[in-house]
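Colleague: I have not looked at this one before. Can you walk me through it?
Modeller: Go ahead and ask; here it is.

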Amino acid sequence: MNINLLKLDFKNIRDFRELTIPLFKEKDVNTPFHISLIQMPNGTGKTTAINLLRSIVCGEILEKEIVLSYQPTRYKCDEGYFGVLLIIDRDLYSLGMHFDYRNGVMKYETSRPKEVGGGKSFSYDLPPYIRNVMTKNFTRLFVFDGEFSENILDNKKTEAETSIKFLYFLDRLELLKIKADTLLENKRKSTKDTKVHTQQGLTKLETEEKKLKQTLVDLNKQLKKFKEESVSTSQEIEDLEKKNDELLSENETIQAEFIEFTTKISSLENDIRNGTNIILNILRTPSQFSLKMNDKLKNLSENMSKLKLPRSVSSEFFKELSDEDECICGRPILNDSIKKKILEKAEQYLAADHITTTNCIKGSIRNMDDYKELSNLRDNLYSYINEKQQLIQAKDLLKLRLDEKDQEKAEKIKQEIIRLSSNLVDLNLYIQSLETKNSAFQEEFSLNEYENINLCQKKLIEKRKRLDEASDTVNFSNGVSLFKKMMDNIISSSIDKIKEDLISKSNTRISQLMGNKDVVLEKIEGCIYVDGKKGVSQGQSLAVAYAFLSTLFEDSPHKVPFIVDSPVGSLDLKVRREVSDLIPKLFAQLIVFIISSERNGFVEGIGKYEDVQFLTIYKDERETGSIAFHTDKKFFMQFHSENEEVQV
Amino acid sequence: MTFRLSNQAKSYFKNIFGKGSDDKLDILWDEYYICLMIGFSEVKIGDEASADSEITKTFPQAYKDQRYEIMASLIASEIDRRGISKVKDIENLMLSILDHNSSTELSSEGHRLMNRYVAGGFEIIKENIREVNELHMFLIKYYDILINVTNE
C-alpha cells in the first residue's frame, strides 16, 4: 500500500476560519512535493494539525471534550471541518471530519472523487484492507512528533520495540491471544450447567460415568437372570400341577370324577371368555353402554331434529352473498360496512364441511337401537366364574380320597407350588422394578438409577452429555493454552529475527548516509541503543532514530508519508545540518512543520534538495480568524514571528 | 392433536392388557374408551395435565364405525355439562369441538375435552375398583359401578 497526502483543509478549526494547505505540484495535482516545509509560528495550530491528521487517517471517533476543543474562541460558529485528500495506490480518497460544536459530536465523510457521483458515504469508509492497517498505533509511526522520537531513544520506554510489533502486525498475534481467551470464556459460560472446567472435575465425572456404565451392565445381567428364573419357576409350577393331576388321574377310585371336573372347568373357561367378549363388544357401542347414555343420545337426536340442526344455511352462503351487489331481499349491498356485517354473520354458521360431519353424527344416533339390558349377560358370566371356582375346590378335595402315601405326595406338591408361586410373584416384581419405564411405578416404589434400567440409562445419557461438555471445555482450555504458548513463541522468535535484520540494515543505511561507521545502532531492547567510537552527539542519535524508522518502513509493504513536527527542536546548528541532510533521503514524502527559529541550519540542508515547497502560514491580525498564506521561498526565509525567541 | 391417557391409568390396566391374548384388552384405545364412557356417562372431567402419554392420533380401526356415536356422546355430555339448549349455543359448541380438516374430524378443543373425560372416568374407576387382575372380574365390577352410578 502506497499512501501520499495531497491536501489539508481547515474550516472553523481553532484560529483557522478557512485554510487549504496544498501538498501537490501545480503541474501534476496527483503528485506531492518530495518535501513540504510548513512554517507556522507557535500558537498558529501546528499541534492541532498534527493531532487532527493522526485522528483522521485512522478514523478515530473523538470525544465531546476534544471536539469542543477545536471550536474557535475568537469568533462564534457552530460547525467546523477538517479534511484531507489522499492518494492511495493511485486512487484518490477524500476524508472529512465534520464538527458539530453545538452538540459536541463529529462525524466522518468519505468520498472517492474518481467514482461516479463522488462515491460519498457519511462514515469513515476507506477500503477494508486500508482500514485494517490504519490503526491508531500504526498512524503514530508516521505522523510523528518530537516526543515520539525521544521515546524511541529513551531506555525507560519501549516505543521502538512496540513499533516493530505494530508495523509487522505482531500485535495482531497478541490480539489473537485475547480473542482465544474470550472464546474460552464464552465456552465456559455456554456450558455453565456442567460447572466442570478442570482436569480434576473431568476425572470425577469420568469415574461417575464409569460407575453408571457398570451399574447398567449389572442391572441387565440381573434382569436376564430373573427372567430365566421366572421362566424356569413357571415351568416347575406347571410340571408340579401336571404331576398333581397325574396323581389324581391315575387313581382308579377318583379317576372318573377327576376327568369330569377337568372337562367342566375347561368348558367353563370357554364360557367365561365368550361371555367377556360379548359384554365387551356391546359396551364398545356408546348407545348400548348404559341406559343413561342411550337416553342422552336419544335426547340429542330429538333436539337436533327439533332445532333443525345443522341449519341448512352455511357460512358459505353469507360469504357468497357479501360478494353480490344485491341482497336476496332486493336491497343493494352498497358499502363495505354492509359487507362486513354479512361476513360477521358467516362466522356464526357452520361451514359446509362442518355440516357434513354434523349430519353424520346426527345420522349415527337417529336410528340407533334401544338399550338392551346387560344384566343377564353379567349374571351368567358371574355364575360361570363361581361355578369354575367351586369345581377347582372340588377337584382339590379329590386328593383327600387318595391313600395316605399319595396324599402326602399331593400335599408336598401343593406346598411346593405355593412356595414357587410366591417366588414367582417376587421375581416378577423384581423384573418389573428393573425394566419398567412407567414413571408412576418408579415413583411408587422410589426406584433410583441403581435399581431401574430405564432410570440408569437416562442418568447415563445425562452424565455423558455433561462429560462431553466438560471434556470439550477442558480440551478447549488446553488448546487455548497451547495456542497462546505458540503465539508467544512466534512473536518472540519473529521479533528477534526482525530486530537482527533491522539493526543490520539500519547500520548499512547509517554508514552510507554519514559516510563512516563511527555511529551504529547497537541493539533494540524496548528502545534503540546507539553507540559511537568517538561518542554520540544528540543529532547523531536522532539521525539513527530516523534511519531506524525509515528502515522499518522500507521493509514494510506499506509506504507512507513522514509527517513530523519540530524535527530538530533545540538541537545545535551542526546537528540540525546533519539531520536535514539525512531525513529527505529516508522518505518519499516528507511534511515538516517548523517554526522560524528552527529554520537556521535545518532549512539550509533541506534547501539542497529539489522538489521542495516552502509554505508560510500565520495569523493575519487585521481580521479575526483570517490566516495569511505564502508559498514564496524568499518570504519563508525572511519570515520572523515576534512570539518566537531565536534559540540558536 | 392426540388421544392421551395417563401413565397411571396404563399402569393400572397392565394386568388385563395384552396384545393377541384372548382374555385381555387388545389395544390401548380399549382402556381409553373404558374410562371415556364412564366420564361421559357421569359428565365428569379430570385434569388435562394428568394425560401424560400419547396413545394414538386417530380413531383405531376397531372403533371407526362408532366414531360418530362417540362424537355425539361428547356433544351430549358437553350440552349437559354446560347446561345449554339454544340452537346458537349448540352450534357454537359444535364449531369449537369439530374440525372437518382434522383426520379425526375433532378440533384440538374436541381432543382436549375427550382426554379430560378420560381422566375424569379413570378417577371413578380407580375409586371403585382397587385391583385389576382378570378381565372378566374387572368387567363385572365395571358393570356394577356403571349400574350404581347410573342409578344414583
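Colleague: Among contacts in chain A between residues at least 6 apart in sequence, what share join residues at least 24 apart?
Modeller: The share is 70%. Keep in mind that this is a predicted model.

Colleague: How many helices and strands does chain A have?
Modeller: Chain A has 21 helices and 13 strands. Of its 648 residues, 27% are buried.

Colleague: Let's take a sheet. In what order do the strands of the open sheet in chain A come?
Modeller: The order is E2-E1-E4-E5-E6, 5 strands with antiparallel pairing.

Colleague: And which are the edge strands?
Modeller: E2 (16-22) and E6 of chain A, each of which pairs on one side only. From one strand to the next, the twist averages 15°.

Colleague: How many bridges join E1(A) to E2(A)?
Modeller: There are 6 bridges, and the two strands run antiparallel. As an example, Leu8(A) has Ile21(A) in E2(A) as its bridge partner.

Colleague: Which helix packs on the sheet?
Modeller: Helix H1 of chain A, residues 46-58, touches E1, E4 (79-88) and E5 of chain A. The direction of H1(A) makes about 65° with that of E4(A).

Colleague: Back to the strands. What joins E5 to E6 in chain A?
Modeller: Strand E5 (residues 91-100) is joined to strand E6 (residues 105-111) by 7 bridges, and they run antiparallel. Phe99(A) has Met106(A) in E6(A) as its bridge partner. The two strands form a hairpin with 4 residues between them.

Colleague: Which residue in that turn has a positive phi?
Modeller: Gly104(A), at about 65°. Its place is in the loop between E5 and E6 of chain A.

Colleague: Why does Gly104(A) count as partly exposed?
Modeller: Because Gly104(A) has 16 C-beta neighbours inside 10 Å, and partly exposed means a count between the cut-offs of 12 or fewer for exposed and 20 or more for buried.

Colleague: What does Gly104(A) touch, beyond residues up to four places away in sequence?
Modeller: Lys64(A), Val67(A) and Leu68(A). Gly104(A) and Val67(A) are 37 residues apart in sequence, while their C-alpha atoms are 5.7 Å apart in space.

Colleague: Buried or exposed, for Asn12(A)?
Modeller: Asn12(A) is buried, with 22 other C-beta atoms within 10 Å. Val43(B), with 17 other C-beta atoms within 10 Å, is partly exposed.

Colleague: New topic. Which residues touch the most other members in the largest nonpolar core?
Modeller: Leu37(A), Ile528(A), Val544(A), Ala545(A), Phe548(A) and Val592(A), in a core of 76 residues. Helix H18 (residues 538-555) of chain A gives the most to this core, with 9 residues.

Colleague: What is Val544(A) in contact with, leaving aside neighbours within four places in sequence?
Modeller: Ile510(A), Val519(A), Leu521(A), Ile528(A) and Val530(A). Apart from this core lies another, of 56 residues, and among them are Ile385(A), Phe3(B), Val118(B) and Ala119(B).

Colleague: Ile385(A) is in a helix. Which residues in H14(A) are buried?
Modeller: Leu381(A), Tyr384(A), Ile385(A) and Lys395(A) are buried there. Helix H14 of chain A covers residues 375-397, which is 23 residues.

Colleague: How far does H14(A) reach from its first C-alpha to its last?
Modeller: H14(A) reaches 33 Å, close to the 33 Å expected at 1.5 Å a residue.

Technical notes: Residues numbered from 1 in each chain as written. Chains lettered and ligands numbered in written order. Predicted model: local features only at pLDDT ≥ 70, side-chain atom pairs only at ≥ 80, totals over all residues. Contact = placed C-beta atoms within 7 Å. Pairing = 2+ DSSP bridges. Core = buried A, V, L, I, M, F, W, Y, C linked by C-beta atoms within 7 Å. Expected span 1.5 Å × (residues − 1). Axes fitted to C-alpha atoms, helices over the stretch in contact; angles between N-to-C directions.
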